[in-house]
Amino acid sequence: MIEKFSFNWMKTSISVIIPAHNEARSIGKVLTEIPSFVRDIIVVDNNSTDDTAKVARKFGAKVIKEANIGYGNACLAAIRFLDPNPPDTVVFLDGDYSDYPQEMTKLVAPIDRGDVDFVIGARIKSMRSSGSMTIPQIFGNWLACNLMRLIYGGRYTDLGPFRAIKWDTLKSFNMRDRNYGWTIEMQLKSLYYKIPYTEVPVNYRQRIGKSKVSGTLKGAFMAGIKILGWIGKFYFSKK
């Protein structure tokens, strides 16, 4: 379901989590465009070998390190960091500048209004730059979303990484995946626990640098295996 709305003001406190592995070329651009209403920005330096951490600090982010490679590992490290003083809402955002950080307003508004607990930024075709998503990404999204619709009655159209979720809801999910399956795990759990959610259309452009997942045959294959594995796990858990 794609939602359109107007935005007036922000009542909820927001922390932004950005997993980053060798994103020194792009992380400064990302941080510059994040709206000023966010409470704090957590950049997780996921075993980078470049100046990702240095650049992120220069632009005002709180930087933590997670030596174990994996998108999920980085997200879990940030959640542990926020646990003593959590926000109302968490926004997940990639550090490669493929998303448009200034569109964060669109993601958090439905949560701020109290309409839903979880929002996905849907990278619809008309708002994607040419070549910004690979054929394996497009097919994987189509397959996963259709399987979620057929098996669980889901209304998702995308597995987009640009997403917002209430802190209490996120914690209740007890997230476990440590790499490729993080996004699908979150969406499946929203269906399993009947959490109110929506999608909003967002722009999407070609990332700076090479993707760690879709940019390699191994990454695309492993992501596909993880997606199907999580869907199968939840299917059989309902039996």
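Begin by selecting residues 14-20, 27-32 and 40-45: these are strand β1, helix α1 and strand β2, and together they make a right-handed β-α-β unit. Keep in mind as you look around that this is a predicted model.

Now follow the chain onward from β2. It passes through helix α2 (residues 52-58) to reach strand β3, and this β-α-β crossover is right-handed as well.

Next, hide the helices and look at the strands. On one side, β1 pairs with β2 in the parallel sense, over 6 bridges. Show the side chain of I17 and you will find I42 of β2 opposite. β2 also pairs with β3 (residues 62-65), again in the parallel sense, over 4 bridges. Here, pick V44: its bridge partner in β3 is I64.

Stay with β2 and show all its side chains. In a regular strand, side chains alternate between the two faces of the sheet. In β2, D40, I42 and V44 point one way, while I41, V43 and D45 point the other way. Are these residues buried or exposed? All of them are buried. With 6 of its 6 residues buried, β2 is therefore largely enclosed by the rest of the structure.

For the last stop, select residues 182-192, helix α7. This helix is mostly covered, with 10 of its 11 residues buried. Color the buried ones: among them are W182, I184, M186, L188 and L191, but also E185 and K189.

Definitions and conventions
Residues numbered from 1 in each chain as written. Predicted model: local features only at pLDDT ≥ 70, side-chain atom pairs only at ≥ 80, totals over all residues. Heavy atoms only, no water. Buried < 20%, exposed > 50% of the residue type's maximum accessible area, 1.4 Å probe, protein only. Helix = DSSP H or I, 4+ residues; strand = E, 2+ residues; numbered from the N terminus. Pairing = 2+ DSSP bridges. Right-handed = clockwise from strand over helix to strand, strands pointing away.
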